[in-house]
Amino acid sequence: MVFKRLMQSMGVGGPSVETVLANPNCRPGGVLEGRVHVAGGDHATDIEYVALGLVTRVEVESADSEYETTQEFARQQVTGPFRLEAGQRYDIPFRFAVPWETPLTDLYGHRLHGMTMGLRTELEVARAVDKGDLDAVSVHPLPAQERLLEALLRLGFRFARADVERGHIYGVRQSLPFYQEIEFYPAPQYAGAINQLEVTFVTDPHQVQVVLEMDKRGGLFTEGRDAFGRFTVDHATADRTDWAAQLDGWLRQSLQRRGLFS
């Protein structure tokens, strides 16, 4: 009996948890739906809670180091306490709200290189937390975001990679503690002036704040410096603008002002 109690305290023969998503694809501001299946082990267990958390990989820069970490940025508790009998099955339906600022992971059916995203299931039993189930999630762009990315591709920019960096962008309203940078190789007409273009979306229910960052080429007597541009796109009116022409005009003017484009 003492051995059995010891094994139970170590989680041996305890409950198991599995989350099944109805559809792993979503958009910022949307929902993920599914069910959490909790199965009892070989003894009765008091469950404290079952919770879901949306997690992604984040790059962190400090004064003397740089590292990657997995960060939870949205959380939802789907049950309170309940008792799970031995062998009992407990199914919990859920609707998980996806934050508007959630980074994108997929574009035109392809995973953006460098991006990971998952919905993690957490079950607590007697103050011991089991983070045993992680389901991959694909986040696709909203129509406004897609039009801007499509415009860059039409101009000749080529996707390089994407990452998520911890921190806040100066002058931008931001609710999450990180932001995504989608990096592009320059289109041929800009290749002599910039090394790459980085795009960041900070989205809310009404609009998308777009931040463009150019990593400029440095010359013999000039240092390559980043140039920023920022503008706002309303979800309702995004399809009324020729974004390829708009972006081309802004890039040319910005580079001309700095003497990098004729």
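Which residues does Gln-180 touch, not counting residues up to four places away in sequence? The legends below start with the whole chain and reach that answer in the second view.

This is a predicted model, in which local features need pLDDT of at least 70, side-chain atom pairs count only at pLDDT 80 or more, and totals for chains, interfaces and linings use all residues. Residues are numbered from 1 along each chain as its sequence is written, and side-chain values use heavy atoms, with hydrogens and water left out.

**View 1. The protein chain has 3 helices and 17 strands.** Helices (H or I, at least four residues) and strands (E, at least two) are DSSP runs, numbered from the N terminus. Of its 262 residues, 47% count as buried, where buried means under 20% relative accessible area, exposed over 50%, and partly exposed in between (1.4 Å probe, protein chains only). Take the contacts (heavy atoms within 4.5 Å) between residues at least 6 apart in sequence: 63% of them join residues at least 24 apart.

**View 2. Gln-180 sits in strand E14 (residues 178–185).** Here is the answer to the opening question: Gln-180 touches Pro-103, Leu-104, Leu-112, Met-115, Ala-162, Asp-163, Val-164, Val-199 and Thr-200. Gln-180 has a relative accessible area of 7% and is buried. Its side chain also reaches the backbone oxygen of Leu-104, at 2.7 Å. That is a polar contact: a pair of N or O atoms within 3.5 Å, where within protein one must be able to donate a hydrogen and the other to accept it, and residues adjacent in sequence count only if both atoms are side-chain atoms.

**View 3. Helix H3 covers residues 243–257.** With 15 residues, H3 reaches 21 Å from its first C-alpha to its last, close to the 21 Å expected at 1.5 Å a residue; the expected span is 1.5 Å times one less than the number of residues. Buried in H3 are Trp-243, Ala-244, Leu-247, Asp-248, Leu-251, Ser-254 and Leu-255. These residues lie on the same side of H3, because they cover an arc of only 140 degrees around the axis; the arc is that of the directions from the helix axis to the C-beta atoms. At the N-terminal end, Asp-242 caps H3 with a side-chain oxygen 3.4 Å from the backbone nitrogen of Ala-244.

**View 4. Glu-33 and Arg-95 form a salt bridge.** Their closest N and O atoms are 2.8 Å apart. This pair links distant parts of the chain, with Glu-33 in strand E3 (residues 31–39) and Arg-95 in strand E7 (residues 89–97), 62 residues apart. Glu-33 is partly exposed, at a relative accessible area of 37%. The whole structure holds 13 salt bridges, each a side-chain nitrogen of Lys or Arg within 4 Å of a carboxyl oxygen of Asp or Glu.

**View 5. Glu-72, Arg-75, Arg-120 and Glu-122 are linked in a network of salt bridges.** Within this group, Arg-75 and Glu-122 pair with closest N and O atoms 2.5 Å apart. Arg-75 lies in strand E5 (residues 66–79) and Glu-122 in strand E10 (residues 117–125), 47 residues apart. Arg-75 is partly exposed at 43% relative accessible area, whereas Glu-122 counts as buried at 6%.
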